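Open the model in your viewer and keep the selection tool at hand. The tour goes stop by stop through one chain.

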Amino acid sequence: MAILDEIKEAVVDGETDEIEELVQQAIDEGIDPNVIINDGLIGGMDIVAPLFRDGEMFVPEVMEAADCMKLGTALLKPLLGDAGMETKGKIVIGTIDGDLHDIGKNLVVLMLESNGYEVIDLGIDVEAETFAQAVEEQKPQIVGLSSMLTTTMMQMDTTIKCLEDKGLRDQVKVIIGGAPITQEFADEIGADGFSKDASACVELCDSIVNAA
Amino acid sequence: MLTIVGELINTSRKAVNEAVEARDESVIRELARKQADAGATYIDVNCGSRVHDELEIMEWLVNIVQDEVDTPICFDSPNHEALRRGLEVYKGTDSMINSISGEDGRYETIIPLVKEYNTKIVLLCMDSSGMPETADDRMKVVDALYAKLKADGIDDDRMFFDALVKPVSSITTAGLEVLNTNRRIKDKYPDTHQILGLSNISYGLPKRARLNRVFTVMTMTQGVDGYIIDPTNQKTMADIITATTLIGQDNYCKKYIKSNRKGFFDIDD
C-alpha cells in the first residue's frame with residue numbers, strides 16, 4: 001500500500017507538517033489503524049533506529065521522527081477500540097537518586113515509545129523506594145536506570161538491593177545506562193543488561209521481551 | 001588573562017584508566033607535559049570514575065603531575081574527601097577546585113577546602129531544583145552562590161562561573177541561553193571569571209569539533225575567559241588566541257603575532 005510507504009518516509013524525514021494528513025488519508029482508505037501504526041509509523045522508526053545507531057542520523061532528526069510518530073498515533077488511538085494499542089511491553093524508567101540529568105534518558109524514552117513500548121517515566125532524582133513502588137504497582141517487564149555521574153552510579157546498586165529486599169527483583173529485568181556506565185559495572189551490581197545508547201537500548205529491550 | 005584548564009587527565013578516558021590500572025607513570029607524565037607545553041594554565045585531575053579507590057588515585061595522580069610540571073592543578077571531583085586528599089599532598093600555592101554547585105550539601109562540604117587551601121573555585125549554575133533551561137534559571141543560581149561566597153570571604157577574582165552548556169541537538173536555544181547568561185554575569189559581576197566545558201553543546205550532532213570551536217569564540221565575545229578543553233587541539237587554541245586579539249585583550253596584537261611566528265597558526269583551517 002503506497003500510503004503506508006509514504007507515512008514511513010514522512011517519519012524518517014521528520015515531516016511533522018505532513019504526517020497527520022497522510023495518516024488521515026490512510027484512515028480514509030480504510031486501512032486497519034493497527035496496521036497504520038505498525039507498518040507505517042513504527043515501520044518508519046524501524047528505519048530510523050539503525051541509521052541513528054550507525055551515526056548516519058542525528059539526535060534532532062530522531063526527535064523530529066518521534067514527533068511525527070506521536071502526531072500520527074494521537075490520530076489513531078481513538079480508533080483502536082477497547083483493546084487499545086498493542087505494545088511490545090511495559091518499561092519503568094528514571095534517572096537515579098541525586099542525579100538531575102535527563103537528556104539521555106528522555107531520548108531513550110522517545111526511542112522506546114516510538115518502537116512500540118509503553119513507558120512509565122518517573123523523571124529525575126528518583127529514589128530507590130519510588131522505583132520499587134512503581135515496579136510493584138505497574139508490573140513492568142523491565143526497569144531502566146539512568147545515571148550520568150560517577151557520584152550517583154552507586155545508587156543503581158542501592159536500587160537493585162531495594163528491589164531484592166522487597167522481593168520484587170525476580171519479577172523484573174533491570175537495565176542500566178549513562179555516560180559513566182560500563183558492562184563491567186552492570187555485572188558488578190548484578191544488573192540484567194546495559195546499553196550504551198538509545199538505539200542499543202531498544203535492541204536490548206527487544207531481546208529481553210522476546211526471551212521472556 | 002585566559003584560563004585554560006587541560007582536561008586530558010581523567011580516568012573516564014580509557015587510556016588514562018589503563019595507565020592508572022597499571023600504575024604507569026609515564027602516560028600521566030606525558031599528558032601533563034603535553035598540556036603544559038600547549039598552553040594549559042591548569043592541569044585538571046579527575047578520577048571520579050574510580051568509585052572504589054578515588055582518594056588513593058587522586059593522591060597518586062597529583063604527585064606525578066606536580067613532579068612533572070609546575071603548572072597549577074585543578075582538582076576535579078564532587079567528592080570533598082577526594083579533593084582534600086589531593087590538596088593535602090599538593091605542594092603548589094595556586095590551585096582550583098572543580099566544582100561547587102547550588103545543590104544541597106555540596107556547597108557546605110567543599111567551601112571549607114576553598115578557604116583552607118585558598119583555591120580558585122568553579123561554580124556550576126545548577127541547584128537541586130534541576131538542570132537550568134533559561135538564562136533566568138542560571139542567574140538565580142549565580143546570584144545565590146555569589147552572595148554565599150562573598151559572605152564566606154571569597155574574592156570575586158577566585159570565582160569561575162560555569163553557565164552549564166547543554167546540547168543544541170535536544171534544546172534548540174541551549175547555546176543562546178548560555179550566551180545570554182555569559183553577558184549577564186559579565187555585566188553584573190565584572191570582576192568574576194567564567195569558565196566553560198563546552199563540548200556538550202555538540203552532543204548528538206555530526207562534525208562536533210566545528211560546533212565546539214565556533215561556540216568557543218562566540219562565548220568569548222560575551223565575557224567567558226576560561227575553558228576546560230584539550231589544549232593540545234591546535235585548532236581550538238588558535239581560535240582562542242585569535243579571538244583574544246579581536247576582543248581587545250591583546251596589546252599591540254603581541255600574542256597573535258608571536259603565536260604566528262611560533263607556527264601556532266600553521267594548521268589546516
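This is a predicted model: local features need pLDDT of at least 70, side-chain atom pairs count only at pLDDT 80 or more; totals for chains, interfaces and linings use all residues.

**Stop 1**

Now select residues 135-151 of chain B, which form helix α6. Check its length. The helix has 17 residues, and at 1.5 Å a residue they should span 24 Å.

Next, colour A135(B), R138(B), V141(B), V142(B), L145(B), Y146(B) and L149(B). These residues of α6(B) are buried. They lie on the same side of α6(B), because they cover an arc of only 135° around the axis. Turn to the other side of α6(B): D136(B), A147(B) and A151(B) are exposed there.

What do the buried residues of α6(B) pack against? Show β4 (95-102), β5 (120-127), β6 (159-162) and α7 (174-188) of chain B; these are the packing partners.

**Stop 2: α2 and α3**

Select residues 25-38 of chain B for helix α2, and residues 54-68 of chain B for helix α3. Their axes come within 9 Å and cross at roughly 50°. That angle makes α2(B) oblique to α3(B). The contact uses E25(B), I28(B), R29(B), A32(B) and R33(B) from α2(B). From α3(B) come L61(B), I64(B), V65(B) and E68(B). Is the crossing of α2(B) and α3(B) left-handed or right-handed? It is right-handed.

**Stop 3: α9 and α10**

Move to helix α9 (residues 234-246) and helix α10 (residues 254-261), both of chain B. The two pack at an angle of about 150°, and their axes are 8 Å apart. Angles over 145 degrees count as roughly antiparallel, so α9(B) and α10(B) are roughly antiparallel to each other. Show I241(B), T242(B), T244(B) and T245(B) on the α9(B) side of the contact. On the α10(B) side, show K255(B), Y256(B) and S259(B).

**Stop 4: H80**

Finish at H80(B), in helix α4 (residues 80-89) of chain B. Is H80(B) buried or partly exposed? H80(B) has 17 C-beta neighbours inside 10 Å, so it counts as partly exposed. Leaving out residues up to four places away in sequence, H80(B) touches T109(B), I110(B) and L113(B). Last, draw a C-alpha to C-alpha distance from H80(B) to E108(B): 9.8 Å in space, with the two 28 residues apart in sequence.

Notes:
Residues are numbered from 1 along each chain as its sequence is written. Chains are lettered from A and ligands numbered from 1 in the order in which they are written. Helices (H or I, at least four residues) and strands (E, at least two) are DSSP runs, numbered from the N terminus. The expected span of a helix is 1.5 Å times one less than its number of residues. A residue is buried if 20 or more other C-beta atoms lie within 10 Å of its own, exposed if 12 or fewer, and partly exposed in between; C-beta atoms are placed from the backbone. The arc is that of the directions from the helix axis to the C-beta atoms. Two residues are in contact if their C-beta atoms, placed from the backbone, lie within 7 Å. Axes are lines fitted to C-alpha atoms, for helices over the stretch in contact, and angles run from 0 to 180 degrees between N-to-C directions. Angles under 35 degrees count as roughly parallel, over 145 as roughly antiparallel, 65 to 115 as roughly perpendicular and the rest as oblique. A crossing is left-handed if the near helix is turned anticlockwise from the far one by less than a right angle, and right-handed if clockwise.
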